Amino acid sequence: MCGQTAAFTLVRDGVRNIRVIDRSARGREGPWGTYARMDTLRSPKHLTGPDLGFPALTFRAWYEAQHGADGWQRLYKIATSDWLAYLLWVRDTVPIAIENGVEATLIDLGQGFVRAELSGPGGAETVYARKVVLAGGRDGAGAPYAPPFPSLEHPPQVARGRIFHSCDSIDFARFKGGKIGVLGASASAFDNAAVALETGAAQVSLFSRRPHLPQINKSKWTVFPGFFHGYADLDDAQRWQIYTYIFDEAVPPPHESVLRCDRHAGFRIHFAEPWIDVIPAADGVTVVTPKARYSFDAVILATGFAVDLAQRPELARLHDRIALWADRISPQEASRHPEAARYPYLGPGFELVERTPGTAPDLQHIHCFNAGSTMSHAALAGDIPGLAFGANRLSRAIARSLFAASAEVLQGTLHAHDDRELEPTPYFLAR
């Protein structure tokens with residue numbers, strides 16, 4: 001969603017010498033056709049973003065073309081499968097050419113440009129780009145997070161078939177009639193629990209370290225134009241204060257996901273019961289908590305994604321040169337909020353910033369348009385409400401930068417410009 005919207009914005013703004021790559025197959029990019037296991041989106045149906053303000057490209061226009069105005073009025077929330085189909089329709093309608101099955105394996109700096117090593121169906125390839133946009137979604141600035149359980153420090157082979165992250169491909173039918181343990185109380189925790197129950201699991205136990213579910217989604221407060229436009233202009237202390245508060249408050253699961261689980265007799269929640277260890281075996285998984293030991297046929301870690309540039313293989317040569325929020329706050333604050341401290345500290349156009357000034361100035365040619373941008377720019381590169389704000393800011397920053405870098409060359413085209421408006425009249429003067 002972020003990658004194709006960024007490409008759409010760049011093309012609209014006249015930046016057309018671009019390539020858009022995704023390592024996944026068409027329709028498998030991002031979560032919508034893979035690990036997004038909710039029935040509907042959390043967002044209200046009227047929100048816009050991928051359309052960039054073109055009414056004919058909104059979800060409503062797409063939906064009404066198939067189901068009519070009455071169908072739109074009857075629609076409660078957007079089905080996840082419909083959102084995927086809509087995104088693909090926008091891509092084809094604009095159109096945006098996506099090279100599927102192509103992965104960026106290494107990104108490095110040149111002299112005034114970025115070098116990207118690609119791998120795809122045609123083999124290895126080296127691309128030299130003036131700008132690179134990283135739009136890899138929730139894990140685009142890190143990786144799926146799994147707690148460091150003692151027994152999984154060197155996991156045995158059997159763990160692969162019984163211990164999953166919520167973003168993994170899971171054959172739920174394999175555990176029909178069995179018992180599943182889920183760690184976490186997020187939307188993905190409840191959605192995975194629901195699919196397991198609907199596929200025939202006899203019992204699903206969800207564990208939360210909190211004494212109750214988070215109650216208020218504080219990030220909803222941020223959804224107004226003044227915040228989206230102005231947040232990045234606040235000073236570091238204000239931005240740090242706002243988003244560490246939002247992160248600490250956590251996000252409640254959608255009530256639809258909770259009710260989806262609660263209707264099953266085999267569903268139960270264990271509050272204030274974190275997992276201490278997860279011990280896999282050939283015939284099941286043992287979960288150890290401060291209160292008891294539990295046996296499951298499989299467990300799912302619905303523990304989200306970590307923002308940690310060191311876990312991005314394509315940034316192996318760069319991550320230790322990139323400024324993080326930890327470099328802009330006190331050690332005490334970094335210790336209090338270690339996850340927020342790992343976010344990259346970005347410039348006004350989502351560009352990476354040098355950790356040590358003067359050591360890697362060409363980092364400014366790499367733009368982080370994924371979940372890693374949240375501390376610096378708010379949720380403009382992932383959540384639907386802020387998507388158009390973010391894509392516009394990114395594209396205009398790139399267009400300005402490219403123009404400034406080419407200003408001297410472009411001046412020559414100014415002098416050569418020869419639009420002979422008066423040629424059909426007797427007042428025309430040849431140059």
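**Rings, helices and a cavity**

Colleague: How many aromatic pairs are there?

Modeller: The count comes to 32 aromatic pairs, where rings of Phe, Tyr and Trp (its six-membered ring) pair if their centres lie within 6.5 Å. The model is predicted, local features need pLDDT of at least 70, side-chain atom pairs count only at pLDDT 80 or more, and totals for chains, interfaces and linings use all residues. Residues are numbered from 1 along each chain as its sequence is written, and side-chain values use heavy atoms, with hydrogens and water left out.

Colleague: What is the geometry of Phe207 and Tyr294?

Modeller: Phe207 and Tyr294 are edge-to-face, with 70 degrees between the planes and 5.1 Å centre to centre; planes under 30 degrees apart would be stacked, over 60 are edge-to-face, and the rest are tilted. Phe207 belongs to strand 10 (residues 203–207) and Tyr294 to strand 14 (residues 293–296), so the pair ties together parts 87 residues apart in sequence. Strands (E, at least two residues) and helices (H or I, at least four) are DSSP runs, numbered from the N terminus.

Colleague: On to helices. At what angle do helix 2 and helix 3 pack?

Modeller: Helix 2 (residues 59–74) packs on helix 3 (residues 80–93) at about 105 degrees, and their axes are 10 Å apart. That makes the two helices roughly perpendicular, a term for angles of 65 to 115 degrees.

Colleague: Which residues make the contact?

Modeller: Helix 2 contributes Phe59, Trp62 and Tyr63, while helix 3 contributes Asp82, Trp83, Ala85, Tyr86 and Trp89; contact means heavy atoms within 4.5 Å. By class, these are seven nonpolar residues, no polar and one charged.

Colleague: What follows helix 3, and where is Pro95?

Modeller: Pro95 sits in the loop between helix 3 and strand 2 (98–100). The peptide bond joining Val94 and Pro95 is cis, with omega about -10 degrees.

Colleague: What is the phi of Phe350?

Modeller: Phe350 has a positive phi of about 70 degrees, although it is not a glycine. Its place is the loop between helix 9 (338–341) and strand 17 (366–368).

Colleague: How many cavities of 30 Å³ or more are there?

Modeller: The structure holds one, where a cavity is a set of points on a 1 Å grid at which a 1.4 Å probe fits but cannot get out. The largest cavity has a volume of about 30 Å³.

Colleague: What lines the largest cavity?

Modeller: Its lining (residues with an atom within 4 Å of a point) is Leu134, Gly140, Ala141, Leu309, Leu315, Ile322, Leu352, Cys368 and Asn370. Seven are nonpolar, two polar and none charged.

Technical notes
Axes are lines fitted to C-alpha atoms, for helices over the stretch in contact, and angles run from 0 to 180 degrees between N-to-C directions. Angles under 35 degrees count as roughly parallel, over 145 as roughly antiparallel, 65 to 115 as roughly perpendicular and the rest as oblique. Ala, Val, Leu, Ile, Met, Phe, Trp, Tyr, Cys and Pro count as nonpolar, Asp, Glu, Lys and Arg as charged, and the others, Gly among them, as polar. On a 1 Å grid over the protein atoms alone, a cavity is a set of points where a 1.4 Å probe fits but cannot get out, and a pocket is an open set with protein on both sides within 12 Å along at least five of seven lines; lining residues have an atom within 4 Å of a point. Grid points are joined across faces, edges and corners, and a volume is the space filled by probe spheres set on the points.
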